[in-house]
Each structure stands twice: as C-alpha cells, then as structure tokens.
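My notes follow, in the order I took them.

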Amino acid sequence: MTYPPPPGQPEYPPTQQYPPSGYSAPQPGYGPYGPPQPGYGPPQPGYAGFPPPLPPEKPKSRTVPIVLLSVAIALVLCVGGAATLVLIGKNAVDDAEAAAARIAITQPQTLGGLPLVDDPQFAAITEEMESSLAAYPGASSSFGAIYGSPAEQNMIAALATKATIADPEKELTESFRVFGQSAEVSGLSDASTGDLGGVARCGTSSTSGVDLAICGWADEGSVGMIMWFFKTAADVRADFPALRAEIETKS
C-alpha cells in the first residue's frame, strides 16, 4: 500500500532499484560492474580521432662512429706526443737517418683481408688522423685509415708515418704512455717484430663497452699503431707482424 504525500509536498517517482538492469556479479580482474561491454571504453588506435600507433623503436646498435672518433684521436695524439724524442743527439740521429732511408710506409688498399671503409661518416676521423701525423717532425708517407665492415663489427684502424726515430724503445714507450692518458691499456707486453725489427707491444683497452686490441711499433724509420675493434690483444697478437708488413717494407 502506498500513501499520498502530505499536503504541499511534490510527488516523487518511485526510487530506482539497484543494481541496474543487466547487472552481473563482479568478475575477477574487473570493476564492480563486470567486464567492459561492447561499444564502450576508450577509442582504439586507428579509429577516427585517435593517432595511429608509433612504429616499434629499432634496437640501438653500438655507437661505432663515436668509439672510432674518441679512440682514433687518442691514437694520433699518442704518436704526436712522442715526437720530441727524435731530438736526442746528432750522432744518434745520423745513424737513425741512414737506417730510415731503407724503410718505406705505404697505405694498403686492404689490411688483413679487410677493405678500406668508404662510408662518409668516417671521413672526418681519417682526415684528423692524417693531419695530426703530418705535423710529426720529419714525417713523410703518413696515413690513417679504417678497414672492415661497421655493420658486421669487424673493423681495424691503422696509422703510421715514416720519420727518423733515434730511440725506438723510448718512442714506443712514450706513445703508449700518452695513449694511456685517454684510455687505459691492460696486459701491455712485447710483441713479435717479424722480419722488420725495431720494438713492438700489444695490449687491450676498451671504451663504451667495446674491446680494443692495440699493437704499436717503432723502429729507426717509422712509428705506427694498429687497432682491432671488438677484439683483445690475445686475439690478434699472432696476426700483428703480418699486418705491419702490409704497411712497412725495408729494402
């Protein structure tokens, strides 16, 4: 039985019953009204008024150009930093000049079977290497080059110059000392000089998480370094004399 409202009071419609029609018991993982119903919810990608989804981000590769830039410049600095060692004494220089006359430095078209890198993004690096070497006292036949495939992470950097070196041992020691100011070299030890003589050492460095095998040499008529990216000195020590022989010759 219902009663009319007291005099002067407005009539109200019957109170709506809850839950609303269509209500179902809550489902696990959803709110109190169950799973979303068709036709509701936020607009989906691809619908009008909603921007299309962004393409998935490509995996980032190792920053080889940055690695090359930082280490290649360190290399040219280490060679240039030892330049004053040629000024030891007239007699020593005269003897070294006679021996240096028999030595030639040539930039090979391939090194260790790897071709020259012709990618324009590396041009500035090789130019910097060569310009620094050209400032070496008495330098001639200088070059700096990068070989291999950046995409395959199989790369070698090389630089060398023909110059009169009165004390090859001190020259090489100073080269690695200056290089060590930019990137620490571990396991540095003597390496084979093959048929070319002089002194040679190899060690391992790293930058940006990339291993760098470094071998350097010095003799009466030349100084240079070869670097293998993504390798250690143990990987390349046996190969070093043959690669040096592709760069330096003696008559």
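Is arginine 177 buried, exposed or partly exposed? I looked it up: arginine 177 counts as partly exposed, because its relative accessibility is 43%. The cut-offs I used are under 20% relative accessible area for buried, over 50% for exposed and partly exposed in between, with a 1.4 Å probe and protein chains only.

**Ground rules**

I am reading a predicted model, in which local features need pLDDT of at least 70 and side-chain atom pairs count only at pLDDT 80 or more, while totals for chains, interfaces and linings use all residues. Residues are numbered from 1 along each chain as its sequence is written, and side-chain values use heavy atoms, with hydrogens and water left out.

**Overview**

I noted six helices and 10 strands in the protein. Helices (H or I, at least four residues) and strands (E, at least two) are DSSP runs, numbered from the N terminus. Of the 251 residues, 37% are buried. I also checked contacts, meaning heavy atoms within 4.5 Å. Among those between residues at least 6 apart in sequence, 63% join residues at least 24 apart.

**Helix α4**

Arginine 177 sent me to its helix, since I wanted to see its partner. The side chain of arginine 177 meets that of glutamate 174 in a salt bridge, at 2.6 Å from N to O. Both residues lie in helix α4, three residues apart, which is about one turn of the helix. For a salt bridge I required a side-chain nitrogen of Lys or Arg within 4 Å of a carboxyl oxygen of Asp or Glu.

I then looked at α4 as a whole. This helix covers residues 168-180, 13 residues, and spans 18 Å from its first C-alpha to its last, close to the 18 Å expected at 1.5 Å a residue. The expected span is 1.5 Å times one less than the number of residues. Among the buried residues of α4 I found Glu174, Leu172, Phe176 and Phe179.

**Other salt bridges**

How many salt bridges does the rule give? I count five. Side chains of opposite charge can pair when their charged atoms come close.

With aspartate 219 it forms a salt bridge whose closest N and O atoms are 2.9 Å apart. This pair links distant parts of the chain, arginine 244 being in helix α6 (residues 240-247) and aspartate 219 in strand β8, 25 residues apart. Arginine 244 also meets glutamate 248 in a salt bridge, at 2.9 Å from N to O. I checked burial too: arginine 244 and aspartate 219 are buried, and glutamate 248 is buried.

I also wrote down a network of salt bridges that links Glu169, Asp190 and Arg201.

I followed arginine 201 into strand β7. Arginine 201 counts as buried because its relative accessible area is 12%. Its side chain makes a polar contact of 3.3 Å with the side chain of threonine 173, and another of 3.3 Å with that of aspartate 190. A polar contact here is a pair of N or O atoms within 3.5 Å; within protein, one must be able to donate a hydrogen and the other to accept it, and residues adjacent in sequence count only if both atoms are side-chain atoms. Not counting residues up to four places away in sequence, arginine 201 touches several others, including Phe176, Leu188 and Cys215.

Threonine 204 is also in β7. I have threonine 204 as buried, because its relative accessibility is 17%. Its side chain reaches the backbone nitrogen of alanine 233 at 2.8 Å.

**The disulfide**

Which cysteines form a disulfide? They are cysteine 202 and cysteine 215, with sulfur atoms 2.0 Å apart. The pair links distant parts of the chain: cysteine 202 is in strand β7 (residues 199-207) and cysteine 215 in strand β8 (residues 210-219), 13 residues apart. I found one disulfide in the structure, taking a disulfide as a pair of cysteine sulfur atoms within 2.5 Å. The link is right-handed, with 110° about the S-S bond. Cysteine 202 counts as buried at 0% relative accessibility, and cysteine 215 is buried with a relative accessible area of 0%.

**A hairpin to finish**

Last, I looked at strands β4 (residues 140-149) and β5 (residues 154-162), which run antiparallel and are joined by eight bridges. Two strands pair if DSSP finds at least two bridges between them. Alanine 145 stands opposite alanine 158 in β5. The two strands form a hairpin with four residues between them, and glutamine 153 in the turn has a positive phi of about 55°.
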